[in-house]
Amino acid sequence: METPESNFNKLGFTLPPAPKPLGVYKPCLIDGKYLYLSGHGTVQEDGSLIIGRIGQDLDIEAGKLAARQVGLAILSTIKANLGSLNRVKRVIKVLGMVNCESSFERHPYVINGCSELFMQVWGEENGVGVRSAVGMGSLPGNIPVEVEAMFELHEGA
């Protein structure tokens, strides 16, 4: 039987370390059957960040890969706090923020890097939730993408 954990393992990605808060906030909060995750950045396996602005320092494909890296950081936080991706029933909402030039218009394409990862992990039915993808004049540390998300947990998980 396919599970989110087995689906992730088939992808062959390595999770970065779960990011530590860079301010006064909790990285995640469980409220009943819901898991809320604060904004995550582009943490790589070595703990460093992908930096740069889409359309200036990075092209759109590099931006999409950066969004996937944010998704991996989110998965790392889930595993660090819940022990397993299997505890998540489905993705409810994703808010993707893209650090880009003012003329850039393809924010949804960039954020697909994260959304496609979630779809691969939880499947098309449970891995795709509602979403916003917006452009920002800047993001902390000049990261190209930040994503916050909300998930539903399995009952009793």
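The side chain of Thr42 reaches the backbone oxygen of Ile50 at 2.7 Å, a polar contact in the sense of a pair of N or O atoms within 3.5 Å, where within protein one must be able to donate a hydrogen and the other to accept it, and residues adjacent in sequence count only if both atoms are side-chain atoms. The model is predicted: local features need pLDDT of at least 70 and side-chain atom pairs count only at pLDDT 80 or more, while totals for chains, interfaces and linings use all residues. Residues are numbered from 1 along each chain as its sequence is written, and side-chain values use heavy atoms, with hydrogens and water left out.

Thr42 lies in the loop between β2 (34-40) and α2 (60-82); helices (H or I, at least four residues) and strands (E, at least two) are DSSP runs, numbered from the N terminus. Its relative accessibility is 0%, so Thr42 counts as buried; the cut-offs are under 20% relative accessible area for buried, over 50% for exposed and partly exposed in between (1.4 Å probe, protein chains only). Apart from neighbours within four places in sequence, Thr42 is in contact (heavy atoms within 4.5 Å) with Ser48, Leu49, Ile50, Ala66, Gln69, Val70, Ile143, Pro144 and Val145.

The loop between β2 and α2 also holds Gly47. With a relative accessible area of 41%, Gly47 is partly exposed. Its C-alpha atom is separated by 6.7 Å from that of Pro16, 31 residues apart along the chain.

Now to the whole chain. The protein chain has three helices and five strands, in the order α-β-β-α-β-α-β-β along the sequence. Its radius of gyration is 15 Å, close to the 15 Å that the globule rule gives for 157 residues, so the chain is as compact as a globular protein of that length. The radius is taken over C-alpha atoms, and the rule is 2.2 Å times the number of residues to the power 0.38. Of the 157 residues, 43% count as buried. Among contacts between residues at least 6 apart in sequence, 82% join residues at least 24 apart.

Two of the helices meet. The axes of α1 (residues 4-11) and α3 (residues 107-127) come within 7 Å and cross at roughly 125°. Axes are lines fitted to C-alpha atoms, for helices over the stretch in contact, and angles run from 0 to 180 degrees between N-to-C directions. Pro4, Asn7, Phe8 and Leu11 of α1 make the contact with Leu117, Gln120, Val121 and Trp122 of α3.
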